[in-house]
Amino acid sequence: MNRKPELRGRAARLARLFPTGSGQAARTPFVLLVVLLLGGGLIGLLVLNSALSEGSFQLDDLQKDTKSLTDEEQALQRDVDAYSAPDALQRRARELGMVPGGDPAFLDPDGTVRGVPSAAAEQSSVYAPVIRPPEALVPEPAGTSPEPGPASAGPQGLTGAPEQATETAAQPTPTSTIPGR
């Protein structure tokens, strides 16, 4: 009872162009292909969206790091500016025991002296503690005084006259006796 009507003429010729088998077999691979393409596209979009959001989180973290480093750089620059200000340099030089220099003299290439040199200014009457660099904190040998006098010059604390330095070093050092020995 499943009879197909017979086709004639032009309809018969067109009917020969289509396959005569069942249509289910040809339709299944097509549907499977469409489902795979749609699924692959959705998974691709998901991966792309995840990568973009991860990149935005990294960008946000880097911007926060940049801001904190910029703030730190500005704070350090303020410190450098404060330490290199003329009044801060002058105060630090006085703490180190430096005094303002006198007028300089210059040597010309032919050996003549230009200008009249003057001695450095004496320290003011204001007490400024002497802060020594770490090299000066090495224990001194016996016989030398720990505090050089105001007329001393040079890093060893020796005075300008060699006789005074040998006299100071030649003085005997007092020794203490321990009772009971």
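Figure 1. The structure shown is a predicted model. Lys 64 is joined by a salt bridge to Asp 60, with 3.7 Å between the closest N and O atoms. Asp 60, at 33% relative accessibility, falls in the partly exposed class. Both residues belong to helix 2, which spans residues 24–83. Within helix 2, Lys 64 and Asp 60 are four residues apart, a spacing of about one turn of the helix.

**Figure 2. The salt bridge between Glu 95 and Arg 91 in helix 3.** Helix 3 covers residues 86–95. Glu 95 and Arg 91 form a salt bridge in which the closest N and O atoms are 3.8 Å apart. The two residues are separated by about one helical turn, because they lie four residues apart in helix 3. Glu 95 has a relative accessibility of 23% and so counts as partly exposed; the buried class requires a value under 20%.

Figure 3. The side chains of Glu 95 and Arg 92 meet in a salt bridge with an N to O distance of 3.6 Å. Arg 92 and Glu 95 are three residues apart in helix 3, which corresponds to about one helical turn. The relative accessible area of Arg 92 is 41%, so this residue is partly exposed.

**Figure 4. The whole protein, as context for the close-up views.** The protein contains four helices and two strands. Along the sequence, these elements follow the pattern α-α-α-β-β-α. The structure holds five salt bridges, among them the pairs Lys 64 with Asp 60, Glu 95 with Arg 91 and Glu 95 with Arg 92. Of the 181 residues in the protein, 2% are buried. The accessible surface of the protein amounts to about 16800 Å², and carbon and sulfur atoms contribute 63% of this surface. Among contacts with a separation of 6 or more, 26% are between residues 24 or more positions apart.

Technical notes
Residues numbered from 1 in each chain as written. Predicted model: local features only at pLDDT ≥ 70, side-chain atom pairs only at ≥ 80, totals over all residues. Heavy atoms only, no water. Buried < 20%, exposed > 50% of the residue type's maximum accessible area, 1.4 Å probe, protein only. Contact = heavy atoms within 4.5 Å. Areas by Shrake-Rupley, 256 points an atom, 1.4 Å probe, with all protein chains shown as cover. Salt bridge = Lys/Arg side-chain N within 4 Å of Asp/Glu carboxyl O.
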